[in-house]
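Please look over the structure shown below.

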Amino acid sequence: MSEHAETTAAVALAGAEVATAAEVTEVATHCPYCALQCGTRLAHGGGRTTVRPAQFPVNQGGLCQKGWTAAALLDTPGRLTQPLVRGSDGRLAPATWEAALDTIAGRLREIRAAHGPDAVGVFGGGGLTNEKAYQLGKFARVALGTSQIDYNGRFCMSSAAAAGIAAFGLDRGLPFPVTDLGSAEVILLAGANPAETMPPLMRHLSGAQLIVIDPRRTPTAETAALHLQPAPGTDLALALGLLHLAVTEGHTDHGYLNKRTTGFEAAWKRAAAWWPERVERVTGVPVAEMREAVRLLAGAQRAYVLTGRGAEQHSKGTDTVAAFINLALTLGLPGREGSGYGCLTGQGNGQGGREHGQKADQLPGYRMLADPSARAHVAAVWGVSPDELPGPGRSAYELLDALGTDGGPRALLVFGSNPVVSAPRAARIADRLKSLDLLVVADFVPSETAELADVILPVTQWAEEEGTMTNLEGRVLRRRRLLAPPGEARSDLDVLHGIAVRLGQDPGRFPTAPREVFEELRRASRGGKADYSGISYERLDAGEALHWPCPDTAEGEDAHPGTPRLFLDGFAHPDGLARFAEVEHRDAAETPDADFPLYATTGRVLAHYQSGAQTRRVPELAAAAPEAFVEVHPDTAERHGLREGAAARVVSARGATLARVRLVGSLRTDTVFLPFHFTGAGRANLITGAALDPRSRMPEFKVCAVRIEPAEAGL
Ligand SMILES: Nc1nc2c(c(=O)[nH]1)N[C@H]1C(S)=C(S)[C@@H](COP(=O)(O)OP(=O)(O)OC[C@H]3O[C@@H](n4cnc5c(=O)[nH]c(N)nc54)[C@H](O)[C@@H]3O)O[C@H]1N2
Ligand SMILES: Nc1nc2c(c(=O)[nH]1)N[C@H]1C(S)=C(S)[C@@H](COP(=O)(O)OP(=O)(O)OC[C@H]3O[C@@H](n4cnc5c(=O)[nH]c(N)nc54)[C@H](O)[C@@H]3O)O[C@H]1N2
Ligand code: SF4
Ligand SMILES: [Mo]
């Protein structure tokens with residue numbers, strides 16, 4: 001409880017008080033970036049704002065470089081402080097909030113009158129607080145009446161979510177607290193590089209032997225007991241092969257299979273055909289290494305299988321995760337204390353962002369939009385008739401791809417994403433955005449997407465606002481305000497309110513106080529899978545560790561304690577059993593050929609976050625990773641006439657990106673790697689393709705076919 005005592009002390013400071021230069025004020029809050037949501041203490045005094053790590057369970061006093069430097073985001077040069085509206089001369093010019101919101105509402109009315117409510121789209125983000133994500137979904141369905149809303153989480157963990165729901169009946173990234181990992185003996189990490197993407201998580205993994213599956217020898221793989229290095233896009237075959245070996249070498253947990261699962265036989269029939277030598281031919285992973293992986297994993301009393309984007313961001317990501325879940329189930333891991341399967345969710349509110357209704361097919365509480373009883377419950381909370389709620393809309397890429405086309409949206413409102421850099425086929429998506437009749441972007445920095453907007457709305461960021469976030473272990477956390485927003489920046493909740501009332505909504509229907517929105521979210525989520533009804537700001541501020549589901553079954557001392565560990569008594573399907581999936585390997589949408597002889601894969605570096613809109617503006621981070629680069633094996637580089645430091649063009653069937661060559665001797669010779677954080681001609685997404693997973697609609701960010709050549713003109 002010690003960190004909570006600290007938290008409570010800081011809450012008193014957090015309330016209405018806002019720092020002045022003369023006094024030092026401090027709040028306990030969380031890092032603005034990733035899903036680990038490291039606990040921080042944010043202080044302001046003498047004109048400076050500083051971040052220090054807190055003794056919070058997930059980071060235990062640690063922070064990564066991004067967390068340490070987060071205060072630099074608050075007054076970054078270029079910070080948006082007043083609304084901007086594009087005039088008839090094509091230039092963005094400052095405007096009052098009244099004028100900006102009037103312009104938006106007026107144009108939305110015209111577009112809706114001419115083309116119907118689905119001509120307006122909304123694109124949200126997994127960085128939004130729970131309150132904002134909830135309000136955005138309600139705003140789209142009620143104030144705009146559109147079905148066309150989705151968000152960037154579709155690009156993130158949607159394949160793991162789809163597989164988790166199918167297997168367990170419920171999707172919570174980690175169904176156990178992060179700290180449980182600390183007592184594991186063996187952890188298999190499939191396509192995750194937490195040493196760079198969640199560095200403080202590594203302290204929970206240091207007691208275990210790690211098995212890392214990654215085409216690259218990452219800093220995470222460097223610490224592993226065993227590193228399997230498959231070709232990109234072949235994890236499904238590898239997981240089938242590991243299952244094959246687990247069964248044939250006698251590691252099946254028959255008691256667990258009988259008592260807790262269903263469907264093993266059908267899954268096994270597929271895996272039976274994936275004998276180790278066949279898997280080696282497809283993946284390039286030697287049979288001996290597969291055997292060793294199974295020996296380690298099956299030999300441990302306490303073992304975990306965890307997936308990251310490397311296994312998930314594929315046109316078969318859902319089946320790939322399902323194959324890893326099949327392996328975990330065969331070994332009897334999920335739903336037992338000290339073992340399990342989990343997905344390392346990525347964005348700051350990647351977990352909460354997928355529960356409150358900004359997803360195309362979803363209503364708050366992780367309810368489904370197509371379910372009549374879900375519609376009735378939520379419609380009653382919103383004070384509308386269930387028939388007024390639109391049905392499911394297009395998924396993120398499909399929504400972006402349809403913008404400005406026949407039958408596609410003609411207006412888009414973006415809250416918390418920068419698709420000009422982060423969406424696949426980025427050049428096409430930028431063209432689609434330019435073709436709109438109206439693009440509105442709410443942001444606190446002029447992102448590449450904001451630069452294309454007709455109206456830019458300056459919003460508050462983490463240290464300037466209150467709210468809640470849900471971290472990768474399903475724990476609900478408080479974001480607390482320390483500073484007054486600069487200039488005229490307003491909260492996203494104010495923006496939604498302002499547009500909604502101009503579209504004729506009752507002002508009381510779109511409150512602007514986060515606590516009030518949270519109270520409504522509690523009611524809307526009541527009885528849903530992600531039930532927050534027992535969670536309150538008061539309980540969180542008192543330092544309680546509340547993981548959903550947390551129903552409001554009782555008050556006071558008897559209040560529901562939340563659910564740090566799911567599935568211990570049964571899985572969330574009606575019969576309580578986990579389901580094996582019958583999955584089969586297939587190739588990526590694109591494999592190397594004569595014209596494009598190499599695999600390209602994409603991912604992250606430590607210093608930058610996502611599209612880089614935020615971190616490229618932090619001097620220390622920009623200095624650590626200043627420009628686009630491509631990792632290439634020295635032999636491959638030589639074959640293609642490239643040297644260390646040379647400018648290269650990486651070309652796919654979609655286009656080309658420019659990057660500086662880094663020779664990496666530990667990389668596969670058939671694979672190059674590019675981070676996706678950079679802008680302009682260095683965008684990795686200029687080459688990625690739009691193949692989608694049929695179930696999750698996740699794009700295939702992690703593999704496409706390319707050639708690489710010297711860029712004569714330089715970078
Ligand atoms: N520094 C930093 N940290 C972040 C973020 C960030 O942008 N920067 N973003 C946050 C977010 S939103 C997310 S989603 C997480 C992502 O966290 P991770 O999943 O750890 O990140 P990635 O780098 O996208 O992918 C992980 C690894 O997958 C490997 N990989 C590529 N292709 C394949 C493949 O076909 N199979 C396998 N097995 N592996 C493959 C890559 O080489 C890479 O090392 O990070 C979060 N934390
Ligand atoms: N090639 C390739 N592409 C990828 C990936 C990959 O691995 N490879 N990974 C994908 C993944 S996992 C993800 S999560 C996406 C992420 O990609 P994006 O969706 O582009 O994510 P960010 O760069 O975080 O963009 C968030 C934007 O919203 C702003 N913002 C932050 N908080 C708020 C807020 O509260 N309100 C408002 N209004 N704005 C806010 C930020 O300033 C920033 O401009 O990228 C995907 N794209
Ligand atoms: S690991 Fe994630 S939450 Fe922690 S400091 Fe780094 S970016 Fe922030
Ligand atoms: Mo993500």
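Gln37 sits in the loop between strand 1 (25-30) and strand 2 (39-45). The model is predicted. Phi of Gln37 is near 50 degrees, a positive value in a residue that is not glycine. Is Gln37 buried or exposed? Its relative accessibility is 1%, so Gln37 counts as buried, the cut-off being under 20%.

Phe567 belongs to the loop between strand 21 and strand 22. With 9% relative accessibility, Phe567 counts as buried.

Pro549 is placed in the loop between strand 21 (546-547) and strand 22 (578-579). The peptide bond leading from Trp548 to Pro549 is cis. Its omega is near -5 degrees.

Why list such sites? Most residues other than glycine have a negative phi, and most peptide bonds are trans.

The backbone values side by side:

| Site | Backbone value |
|---|---|
| Gln37 | phi near 50 degrees |
| Gly284 | phi about 85 degrees |
| Trp548 to Pro549 | omega near -5 degrees |

Gly284 is the glycine in the table, with its positive phi just after helix 12. That brings us to the helix pair.

Helix 9 (residues 235-248) and helix 12 (residues 276-283) have axes that come within 9 Å. The axes cross at roughly 160 degrees. Angles over 145 degrees count as roughly antiparallel. Helix 9 and helix 12 are therefore roughly antiparallel to each other. Their crossing is left-handed.

Which residues make the contact? Helix 9 supplies Ala237, Leu238, Gly241, His244 and Leu245. Helix 12 supplies Pro276, Val279, Val282 and Thr283. By class, six residues of this contact are nonpolar and three are polar. No charged residue takes part.

Which residues of helix 12 are buried? They are Pro276, Val279 and Thr283. These residues cover an arc of only 60 degrees around the axis, so they lie on the same side of helix 12. Helix 9 is part of what covers them, and so is helix 13 (287-299). Pro276, Val279 and Thr283 are also among the residues through which helix 12 contacts helix 9.

Technical notes. Residues numbered from 1 in each chain as written. Chains lettered and ligands numbered in written order. Predicted model: local features only at pLDDT ≥ 70, side-chain atom pairs only at ≥ 80, totals over all residues. Heavy atoms only, no water. Axes fitted to C-alpha atoms, helices over the stretch in contact; angles between N-to-C directions. Helix = DSSP H or I, 4+ residues; strand = E, 2+ residues; numbered from the N terminus. Parallel < 35°, antiparallel > 145°, perpendicular 65-115°, else oblique. Left-handed = near helix turned anticlockwise from the far one by under 90°. Contact = heavy atoms within 4.5 Å. Nonpolar A, V, L, I, M, F, W, Y, C, P; charged D, E, K, R; others polar. Buried < 20%, exposed > 50% of the residue type's maximum accessible area, 1.4 Å probe, protein only. Arc of directions from axis to C-beta.
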